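Thanks for sending this one over.

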Amino acid sequence: MKMIFSFIVASLVLFPLLTASSQDPAAKEKPEKGVQAEKALTADEIVARANQASYYRGADGRAVVKMTISDSQGRERQRRFTILRRDTPPPEGSDTKESDAFTGEQKFYLYFTRPSDVNRMGFLVHKHLDRDDDRWLFLPALDLVKRIAATDKRTSFVGSDFYYEDVSGRRTTDDTHTLKETTQSYFVIENIPLNPKEVEFSKYVVWIHRETFLPVKTEYSDAEGRVLRTYQALGVETIGGYPTVTKSSMKDERTGSTTVMEYSGVKYDLGIPEEIFTERSLREPPRQWLN
Amino acid sequence: MNPRLNPSTYSIQHPRSVLVAMLGSTLLLAILAALPSVWAPARSVLSEVTVDTDPENMLSADEPVRVFHHDMKERFSLADMIVVGVVDEAHPAGVFNVLALTRIHRLATFAKTLRWPDPADETRTIGVVEVDLIAPSTVETVEQAGLGAVRFDWLMAEPPRNEAEALAVRARASRIPFLDGTLLSEDGKAIALYIPLTQKDLAHRVASELEAEIDRMGGTEEYHISGLPVAEDTFGVEMFKQMAISAPVAMLVIFMLMLLFFRKLPLIVPPMIVAMVSAISTMALLIVTGNTIHIMSSMIPIFIMPIAVLDAIHIISDFFERYGETRDRVATIRSVMRTLFAPMLFTTLTTAAGFASLALTPIPPVQTFGVFIAIGVMLAWFWTITFIPAAIVLIPDRYLASLAGAAPADSEVGRAGHGASVMGRLLSRVGTFTVERRGVVLGGALVVAIFLGLGITRITINDNPTRWFDPGHPIRVADRVLNAHFGGTYMGYLTFEAEAPSVAATLAAIVPEVSELGAAGASILQKARDLSPVVDDGTALVSRLAEWAAEQLDAADDESFDGWETASQLLDRKSELARAFQQPEVLRYLTRVQEYLLTIEGAGGERVVGKSSSVADVVKTVHRELFLADEAQYRVPDSAAAVAQVLITYQSSHRPQDLWHFVTPDYTSASVWVQLKSGDNQDMAIVTAGVDSYVAANPPPAALSAKWFGLTYINVVWQEKMVAGMLKAFLGSFLVVLAMMIALFRSFWWGILSMIPLTITVASIYGLIGWIGKDYDMPVAVLSSLSLGLAIDYAIHFLSRARSAVREHGSWAAAAPIVFGEPARAITRNAIVVGVGFLPLLLAPLRPYQTVGFFIALILIFAGVATVLILPALIGLLERWLFPAPTSKGASS
């Protein structure tokens, strides 16, 4: 399974933290293994592969997510939900799926189990590339399915420090990408938004692991260079052949709040049918796919 | 007094060493005080000048109300805020036009950049709390988005492109209760930005930056900057203006008065030196001892200077009355110092005692103020009895000769017949009148005292930091304009906290249900017993158990999974019940309290609370929008789960943290933002009393305790402490001074008598304050005890002279003309010098200084008049009791 919820996924190793390796001057000078092949990669290509590695592994996937939100005073709240994902198959005739290069439309279904007062709450997303996503929310206690209009994607994901866009994936065409540095383990990519008025940041820098193409750290900063938010992949496991982030965090430096997401029961390529991702499932949860 | 112990004796013999000692010690203190400010390494051993403009420090840092205030501010992530109100009176739509909104957008964007490195920790920044900024571009609306969709969106992400868009901003804001009356004015014409600060002492800096940006932007709309932090911080800046203006002017006024009385410069210079030396040394001592320059302590120099010259005036006028006879300066000064030593010591001690009594108040800055003035007064006394004789010895002969005839201009020996003795003639007539018509004097005094005393019952205890500024000050203008347009800019916070059940009660309640859960249930009960001794209350127990059960569920194998699933859900439901502020009936109760708040009336029958906001408003607003903006759905839904789901929907917005300003993440406590229309303590007190009685009459549906916090509330608490504390200080100093009077006159009745003019004066002044409707505020409160210590001086001088005169002349009728000669003139001169000496405080830009200056002057002049009118009449009336035995001296003369 690929971690839908990790904006970016982590490296195979837990701790080769970017700073350490990027400070190693030898790393910059000495060609490393595999560099011959990588040398050809442009920033856009790296970003495309990172996007694919983060959001499009397998044809579908499932995970149980434990989300812990800790505020600046250390007060914790937890949420638990199951997430199902299905990629819309590529147009007929194309073989991109096999080459892992497909990054098209997707559907997500989230089913909340905890805390008990939000038990059975559901969230359905149809992610589009050429227009705003469709989002529906089911509030069982009000017996209400509600469409949520997407004005922008920089809203909080269910009250956490992750934004909706961190979870669903930011379009690679929304930013210009520059490869600032290639360290022993990472590509360091600087991203500048094409439309700065739509986002709260002025730029973000991503450290992408050179082998897995999983982003292990992302720093969003404002025009004065102040870091606003920091994403980190805290744990990576290879599941079903795919390097998968199993633990990640997002810290909002302005509020001091941090959200950690832990993934369990990760599975890929389950063959989840498309009809699961409809409004009907919101009211009648598809149990067999959730447990 | 034994002359060998008299410091004056030494100074007459060694005048130069006294001069060196005085200047040397003052210079040393001044260097010690100033050094750390100009030379950093000295800071490790010496205290730097620290300025404290925070009125919160009127209470000590460990005062429960302050501790609670800070705990709650942290609990609800609240910051002190600057309010920027924007009005455009010229445009029919107010500020809802393209140009004004464009500039408001720019100002909000600018405000976000007002952050600076934290001097205490370079890795952090201080300034504006960007994420909590309330401005059209930074707040959200929840609204319909077509096709039954709901949308969270910035109210004004970009400046409007046309007038229709500008008006749409207003229409959208008016639908969000949290914004209507807070960001958007009730009349729909004005906007207010709320700019939260990491610390309130940045208010002045942030406000200045905003003003600069407003100037750069231009535009026809007006920007008014307000909010308690600005008022308080601006006060600090004005405080220095006070010290820079009033203190030098006071010096000048005293100089002019002395010049008027004595006419000769060389006579005036030594007392002025004593005044300056005393004021400088005391302020230096204040700094060296690590005390802060505060609203109160900044007035110390202006208090010390007039008091410091008093004793010197006595010495110099006495010296020249006698010098003409002997032409022996050393012998004359010795005899003058012998006569004056005791009265000067006593008047100094009583003055010092009056100020030192302020140490009995529970208000630290007032204590510092009182104690250091007492020290300054004692210092002034010491340099007066040492330096003044030394100066007289050091004055070159040729000067002294020219001064020989220069007795005080108002005395009969000096310049008689040139109209300069108007005061003398007037006083002598007064003397005759009080003796012959003592019934009229006493009856009149009684009537005046009763009439004014009745005013005391009319005193209203009230203060308001905004009113510390003149009515024309920009802060006052902003206050008027903003509170006319908006719900109110003075924030009080009402918190409700759910009282947690005991561990035992909780355990008893969950055991039956958990027991039925099989293996998982048994493990849970074991865990519950393990946790019981370590958790604080039942709520914590259930919450810990629920977390633990969830962990067990994560680790459960297929076999035990269902059991843990059921157990975990059960515990979750139990812990849900502890979340009081998700319960519909509790939220509805908050709504009723908020409705009640709006009905509270102030002293004048006007509405005190303009608006209030709570988590209930958030729930109702989102609920309405979820149901197609149907006004009937503006309500709290019927289950706790529905509330939780509405709130998680609300949190899927740009500002999820907004919720935590109203409720804690565990939903066990909530704060209601109460916007008051005035910062009057009186109004805040009315609101707190009203809520207390409302809660008593309408108990909450769950065990909730209601408490207040916020700066507006803290002001009320310190005011209450101050009123009680000042009464204690006044009574304390009254008793101390009375004891000193009894000791001085070695007679209980003489002691009582000496207190009478002063008591009548203080009662009358406070009565006057009641009659004219002046609020009893901080400066008025401190007046009582400090005026007591000052005004008793007249009684001391008058009565000691009266007593010796009666002994000499046999009867009061015979003695009165003597007492109404030189002694009465000295008293009058002193009342004028000290009283007028305080008047430069009227030039200070801030009201509290003006109040202190005006009333101190009034009290001193009043006390002087009361002394020369009432005391002689009373002596006449009580002559038989006051002079019981025929005095041998009097009989013989």
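1. Let me begin with handedness: α2(B) passes α8(B) in a left-handed crossing, where left-handed means that the near helix is turned anticlockwise from the far one by less than a right angle. The axes of α2(B), residues 15-38, and α8(B), residues 265-288, come within 8 Å and cross at roughly 35°. Axes here are lines fitted to C-alpha atoms, for helices over the stretch in contact, with angles from 0 to 180 degrees between N-to-C directions. Helices (H or I, at least four residues) and strands (E, at least two) are DSSP runs, numbered from the N terminus.

2. A word on conventions: residues count from 1 along each chain as its sequence is written, while chains are lettered from A and ligands numbered from 1 in the order in which they are written. Please bear in mind that this is a predicted model, in which local features need pLDDT of at least 70, side-chain atom pairs count only at pLDDT 80 or more, and totals for chains, interfaces and linings use all residues.

3. Which residues of α2(B) meet α8(B)? Among them are M22(B), L29(B) and A33(B), and on the α8(B) side the list includes V277(B), I280(B) and L285(B). Ala, Val, Leu, Ile, Met, Phe, Trp, Tyr, Cys and Pro count as nonpolar, Asp, Glu, Lys and Arg as charged, and the others, Gly among them, as polar.

4. Between the chains, 29 residues of chain A are in contact with 36 residues of chain B; contact requires C-beta atoms, placed from the backbone, within 7 Å. On the chain A side, β6(A) gives the largest share, five residues. By class, that side has eleven nonpolar, eight polar and ten charged residues.

5. A strand pairing also links the two chains: β6(A) and β6(B), residues 149-154, pair in the parallel sense over three bridges. Pairing requires at least two DSSP bridges between the strands. R147(A) stands opposite A149(B).

6. W154(B) lies in strand β6 of chain B too. Leaving aside neighbours within four places in sequence, W154(B) is in contact with S137(B), E140(B) and H654(B).

7. Chain B also holds an open sheet of three strands in the order β7-β2-β8, with antiparallel pairing. Its edge strands are β7(B), residues 191-197, and β8(B), residues 222-226. β2(B), residues 80-87, pairs with β7(B) over seven bridges, and G85(B) stands opposite A192(B). Helix α15(B), residues 474-485, packs on the sheet, touching β2, β7 and β8 of chain B; its direction makes about 105° with that of β8(B).

8. Finally, the cores: the largest nonpolar core has 296 residues, and those with the most contacts inside it are I82(B), I195(B) and V274(B). A nonpolar core is a set of buried Ala, Val, Leu, Ile, Met, Phe, Trp, Tyr and Cys residues joined through C-beta atoms within 7 Å. Beyond its neighbours within four places in sequence, I195(B) touches residues including M81(B), A111(B) and V206(B). Another core, of 19 residues, lies apart from the largest one and includes I510(B) and L553(B).

Key:
Two residues are in contact if their C-beta atoms, placed from the backbone, lie within 7 Å. A residue is buried if 20 or more other C-beta atoms lie within 10 Å of its own, exposed if 12 or fewer, and partly exposed in between; C-beta atoms are placed from the backbone.
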